[in-house]
Amino acid sequence: MHRYFLPLFLAFTAPSTFAQTPSPADLFGPLFVEVQTQKIFPDGKTFVDMTARRPAADIMADYQAHTPQTRAALVAFVAANFDPPAEPASPPLSGQRLTLKAHIASLWPQLARPALEAQAGSSALSLPEAYVVPGGRFREIYYWDSYFTMLGLYADGQDALAQSMLTDFESLIERYGHIPNGARSYYLSRSQPPVFALMLEIKPSADPGKQSRELAALRREHDFWMAGSYCAIKYKPCQRVVVMPDGSQLNRYWDDRDTPREESYAEDVATATKSDRPAAEVYRDLRAAAESGWDFSSRWLKEPMDLSSIHTTDIVPVDLNSLLWKQETVIADRCRKLADIVCATQYDNWAKARKKSITRYLWRDHRFADYDLGTGRPTLTVSAAMLYPLFVGLATDAQARATARLTRLQLTAQGGLRTTQNPAGQQWDSPNGWAPLQWIAVKGLSDYGFDKQAHDLASRFIRTVNLTYRDTSKMLEKYDIETRRPGGGGEYPLQDGFGWTNGVTRALLAKYPDLDPDQ
């Protein structure tokens, strides 16, 4: 039996990060609810990104003493007490159309931000060095986005900027024990897919001091994901840890809060209202899906067309557990290099146990799939998540062959890799294709020798990006890969900028120079 235990003094005494750093909902309570419920702003993220002009206690005292009685009065109260978030800069106009690579290079300065010192009254978290934001409404650094952005930064010779982002993430782990979804107080209760180990492996540092700091950060992040080990038992998960029927441990997505997401408050309340389950359960599942990065997808739904049927916390995801296996192998290797044999053995054993459990529960009927704790069986959804075991090097050759075949038959569209086959109306479903999943598929297939298939997928996606760029002059967050048009769905308008699309496109062009549309 594989068990992972945190020291009990850590497990029971570590304070929650959101208790240390209150969010806008914590600070402004009834005012926050009223602003979001009345939809004072079209995008719920606007208010939580605003900066209070004076202490929250003073604002709330005035609010309680003179509660606005009309919508207009509420709008005036917010305007008098909060500064709006900064609008993203517009890309510079050019007298001629740039090549795709030149356009991407021109966007890095637009998306780069200097080191940030947290401002009183703001939800933004301090970051000690420069960083890159995705773009549009996404005004802060995001966790898993940044890995794919870094691929492009390195391909464009922006090594210093990529390295400074690593420093920012190390700083977040040192302060909060994990990397939050994004660098905002309202994101602290969850993380995102754990790709920090992958970031460090793109261009490993040779500096012993930096290596030591990186290893400490990796181990602390692993502790965050395994913190539920002390309380998880068979058929009763705890936090992000699940004990499988044979006693082995795997992980799930989770969120430490069970309230509506602050940046999508009205939407979450509306979703919970449609469910016959306790609202807190629905909120937790919505938040857990946000931690997955796939917010939202039929992967997490009992009824593919009904978001209120979301049950993310019942799902043991193949992508998350593949990434944690990779994290454990990276930690073991780094411990070995530092001659810490005890550490290396410990993480090797955890990685071996995880791989065995993944093979037993997440590989069924010749495919990798998520596991549903409620049914005790793999889910029926065929999704791009099945390519993660190839991406991290966990799959056997036979598993890779089966995955490559299924990808070719069911997930390959004219414009790239499908997210799922389900046209369920969620943005992480058909017909949308996403840059990070294209990279995961291309690299995974290529690493296992399926070079022609990897090249073909890369070609399809680059053509989609380039055609849309020629039509719109934009790099977009997501694409309709069935028709090679801008993507749709989701809770907010299509965003352009866009960090991970820039990064993946540039990395694919570096990997396959023959696919450059301007050559």
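How many bridges join E7 to strand E10? In this predicted model, the count is 2, with E7 and E10 (residues 371-372) running antiparallel to each other. Within that pairing, Val316 sits opposite Tyr371 of E10. The two strands belong to an open sheet of 3 strands, ordered E7-E10-E11 and paired in antiparallel fashion. The edges of the sheet are taken by E7 (315-316) and E11 (377-378); each has a single partner strand, so one side of each goes without a neighbour in the sheet.

Turning to the rings, the structure holds 29 aromatic pairs. One of them brings together Phe138 and Tyr492 in an edge-to-face arrangement, with 5.5 Å from centre to centre and 85° between the planes. This pair links distant parts of the chain, its members being 354 residues apart. Phe138 comes from the loop between strand E4 (131-132) and helix H8 (143-155), while Tyr492 comes from the loop between strand E16 (485-486) and helix H20 (499-511). As for burial, Phe138 has a relative accessible area of 10%, which is under the 20% cut-off, so Phe138 is buried. Tyr492 counts as buried too, because its relative accessibility is 14% and the limit is again 20%.

Tyr253 and Trp300 make up another edge-to-face pair, at 6.1 Å centre to centre and with 85° between the planes. Here too distant parts of the chain are linked, with 47 residues separating the partners.

Arg299 lies over the face of Trp294, 4.5 Å from the ring centre. Elsewhere, Arg97 places its charged end over the ring of Tyr469, at 5.4 Å from the centre of that ring.

Two packed helices are described by the angle between their axes and the distance between the axes. For H8 and helix H9 (residues 159-176), the axes come within 8 Å and cross at roughly 160°. Since angles over 145 degrees count as roughly antiparallel, H8 is therefore roughly antiparallel to H9. The crossing of H8 and H9 is left-handed.

Note on methods
Residues are numbered from 1 along each chain as its sequence is written. This is a predicted model: local features need pLDDT of at least 70, side-chain atom pairs count only at pLDDT 80 or more; totals for chains, interfaces and linings use all residues. Side-chain values use heavy atoms; hydrogens and water are left out. Two strands pair if DSSP finds at least two bridges between them. Helices (H or I, at least four residues) and strands (E, at least two) are DSSP runs, numbered from the N terminus. Rings of Phe, Tyr and Trp (its six-membered ring) pair if their centres lie within 6.5 Å; planes under 30 degrees apart count as stacked, over 60 as edge-to-face and the rest as tilted. Buried means under 20% relative accessible area, exposed over 50%, partly exposed in between (1.4 Å probe, protein chains only). A charge sits over a ring if NZ of Lys or CZ of Arg is within 6 Å of the ring centre and within 35 degrees of the ring normal. Axes are lines fitted to C-alpha atoms, for helices over the stretch in contact, and angles run from 0 to 180 degrees between N-to-C directions. Angles under 35 degrees count as roughly parallel, over 145 as roughly antiparallel, 65 to 115 as roughly perpendicular and the rest as oblique. A crossing is left-handed if the near helix is turned anticlockwise from the far one by less than a right angle, and right-handed if clockwise.
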